Amino acid sequence: MKKTTIWIIATIMGLSFLALLFLQLKYIEEMVKMKTEQFDESVNRALYQASRNLELNETLRYLEKDVNETERRAYKKDSAMVDKNGNVQQTHQFSVADKQGNVYSSFELKTIKMNPAQTPKAMILRNDKNSLSQAKKSMQEVVRNRYIYQKSMLDEVVYNILYSASDKPLQERINFKLLDQDLKAEMMNHGINIPYHFTVSTQDGREVYRCPDYTEEGEEKSFSQILFRNDPQTKMGVVKVHFPDMNSYIYSSVRFMIPSIVFTGILLLTFIFTIVVVFRQKRYSEIKNDFINNMTHELKTPIASISLASQMISDDSITKSPAMLSHLAKTINDESKRLRFLVEKVLQMSMFDRQEAVFKKKHLDLNEMVENIANTFTLRVEHTGGKIYTEIAAVESAIYVDEIHFQNVINNLLDNAVKYRKPDEPLNIYLKTWDTDEHLYLSVRDTGLGIKKDNLKKIFDKFYRVHTGNRHDAKGFGLGLAYVKKIVELHSGEIKVESEYGKGTTFTIKLPIIRE
């Protein structure tokens with residue numbers, strides 16, 4: 001599949017997942033917003049009704065009190081008379097007055113208690129129109145007087161509330177226990193059954209009451225309601241309520257969406273991981289193809305040499321001198337070694353991947369190893385017109401490594417320096433060792449082509465080559481630096497690379513110091 005096709009599919013799927021996740025989050029946001037608005041409205045209604053109940057309770061309390069006082073003040077005279085038939089006749093005189101003594105109205109109410117023995121067994125009523133009319137007028141007068149009486153009592157209550165109740169401090173006007181009960185009942189009526197805390201303060205912010213279990217948690221979102229809102233502003237009160245568990249209450253309605261978001265996120269991450277794996281496998285496939293092309297070319301050269309030498313030996317038409325036979329035998333031997341070396345390099349990397357490599361470690365001297373390898377490479381470097389420079393500065397140079405593998409590490413670095421030199425220019429290589437209190441260092445610096453920044457982070461990957469796989473002037477499988485990194489890490493070391501394209505490359509190996 002083409003890379004463009006994969007990118008198109010990945011983009012479509014990625015945008016679909018992101019759109020789905022966005023819609024879910026938007027839905028949750030809208031639900032939380034709606035739940036918050038409903039909660040705010042319910043709390044405000046509950047507070048308003050509780051404040052109304054508080055005012056009604058105060059009005060009722062003053063009504064009962066003032067009715068009793070007004071009746072005692074209005075009653076002036078009770079008289080009782082007994083008529084000639086033995087009936088008790090009582091006359092009650094009432095008057096209604098305000099606090100200054102001004103009389104609103106007055107009336108008399110006469111009652112007759114008949115002697116049971118004198119009660120007639122039967123009565124014959126005459127249809128006297130004048131009597132009925134007089135009785136009707138008397139009843140209307142009684143009702144009118146009663147209405148005036150009750151109205152005056154209510155006026156008295158209103159007067160006391162306006163001029164007496166509002167003069168009292170809030171703590172005397174409010175029954176805080178009853179207010180708490182009203183708040184709880186109204187909250188329940190509006191579907192809110194979570195803990196709350198409340199305070200009562202004056203209009204200027206002076207607190208007069210705080211509930212016993214008050215905490216400041218959730219205080220940043222509080223609800224307030226004015227108490228006695230028809231009183232003068234200086235006499236009003238304010239009740240403030242907040243809910244410590246308000247957020248949990250609001251978000252409880254969207255908890256069922258959390259698994260959906262989690263699963264969508266997992267699917268999105270899985271999809272991203274799948275796309276990464278697809279691209280990685282595609283890159284590995286391309287690298288593998290390059291590796292096969294390189295390996296085919298590398299193997300064809302020694303095979304062709306061996307085949308040609310064997311044909312010459314077996315061809316009877318060619319005169320074979322001892323010198324020719326020796327040359328052909330040496331060619332076959334050298335190409336066989338080269339072929340075996342290429343195969344072993346691939347097998348070694350396979351063994352490292354399977355964690356089957358076995359090291360034969362022993363104590364060696366890094367300084368001595370570097371000097372020996374430098375002498376071996378001197379001819380190859382001088383052939384380019386350059387030279388190898390060594391700077392042996394390490395004092396504690398003891399290392400505990402596998403000799404063959406670690407020599408291969410240094411040889412690979414030097415071999416790469418020779419392969420990737422500048423054409424028609426001398427190559428200089430600088431080998432340096434030094435140590436610190438905890439580590440031993442070896443650097444290999446060359447004046448070759450260098451490596452571009454885009455390639456630096458990939459050069460230690462298996463089968464990766466800086467140049468494309470069809471370039472054969474720099475031979476190899478792309479396994480050298482991967483092998484170097486693996487060997488260094490298996491010896492508890494680190495390797496770093498610094499390079500500037502066109503100026504050269506520096507590899508630095510850091511190893512732990514072995515103190516004997």
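Is glutamate 489 buried, partly exposed or exposed, and at what relative accessibility? Glutamate 489 counts as partly exposed, because its relative accessibility is 43%. The views below all come from a predicted model.

View 1. Lysine 485 is partly exposed, with a relative accessibility of 27%.

**View 2. Five strands form an open sheet of mixed pairing.** The strand order is β9-β11-β12-β14-β13. The edge strands, β9 (387-392) and β13 (494-500), each pair on one side only. Neighbouring strands are turned by 10 degrees against each other on average, direction ignored. β13 runs antiparallel to strand β14 (residues 504-512), and seven bridges join the two. Glutamate 498 has threonine 506 in β14 as its bridge partner. Helix α8 (residues 366-383) packs on this sheet and touches β9, β11 (428-435) and β12 (439-446). The direction of helix α8 makes about 170 degrees with that of β9. Helix α11 (residues 480-490) also packs on the sheet, touching β13 and β14, and its direction makes about 140 degrees with that of β13.

**View 3. Strand β12 pairs with β11 and with β14.** Six of the eight residues of β12 are buried, so the strand is largely enclosed by the rest of the structure. β11 and β12 pair in the antiparallel sense over seven bridges, and a hairpin of three residues joins them. Aspartate 435 stands opposite leucine 440 in β12. The pairing of β12 with β14 is antiparallel, with seven bridges. Here isoleucine 509 in β14 is the bridge partner of leucine 442.

**View 4. Four strands form an open antiparallel sheet.** The strands follow the order β5-β4-β7-β6. β5 (207-210) and β6 (222-227) stand at the edges with a single partner strand each, so one side of each has no neighbour in the sheet. The twist from one strand to the next averages 20 degrees. Strand β4 (residues 197-202) pairs with strand β7 (residues 237-242) over six bridges, in the antiparallel sense. Among the paired residues, phenylalanine 198 has valine 241 in β7 as its bridge partner. Helix α4 (residues 176-189) packs on the sheet and touches β4, β5 and β7. Its direction makes about 130 degrees with that of β4.

**View 5. Glutamate 207 and arginine 210 form a salt bridge.** The N to O distance is 3.1 Å. Glutamate 207 is partly exposed at a relative accessible area of 39%. Arginine 210 is also partly exposed, with 40% relative accessibility.

**View 6. Arginine 45 and glutamate 41 form a salt bridge.** Their side chains meet at 2.7 Å, N to O. The two residues are four apart in helix α1 (residues 3-74), so about one helical turn separates them. Glutamate 41 is partly exposed, with a relative accessible area of 42%.

**View 7. Four residues make a nonpolar surface patch.** Ile258, Val262, Phe263 and Ile266 form this patch of about 380 Å². Isoleucine 258 lies in helix α6 (residues 258-314). Its relative accessibility is 47%, so isoleucine 258 counts as partly exposed.

Note on methods. Residues numbered from 1 in each chain as written. Predicted model: local features only at pLDDT ≥ 70, side-chain atom pairs only at ≥ 80, totals over all residues. Heavy atoms only, no water. Pairing = 2+ DSSP bridges. Axes fitted to C-alpha atoms, helices over the stretch in contact; angles between N-to-C directions. Contact = heavy atoms within 4.5 Å. Patch = residues over 30% accessible without salt bridge, like charges linked within 9 Å, V, L, I, M, F, W, Y side chains within 5 Å. Areas by Shrake-Rupley, 256 points an atom, 1.4 Å probe, with all protein chains shown as cover. Buried < 20%, exposed > 50% of the residue type's maximum accessible area, 1.4 Å probe, protein only.
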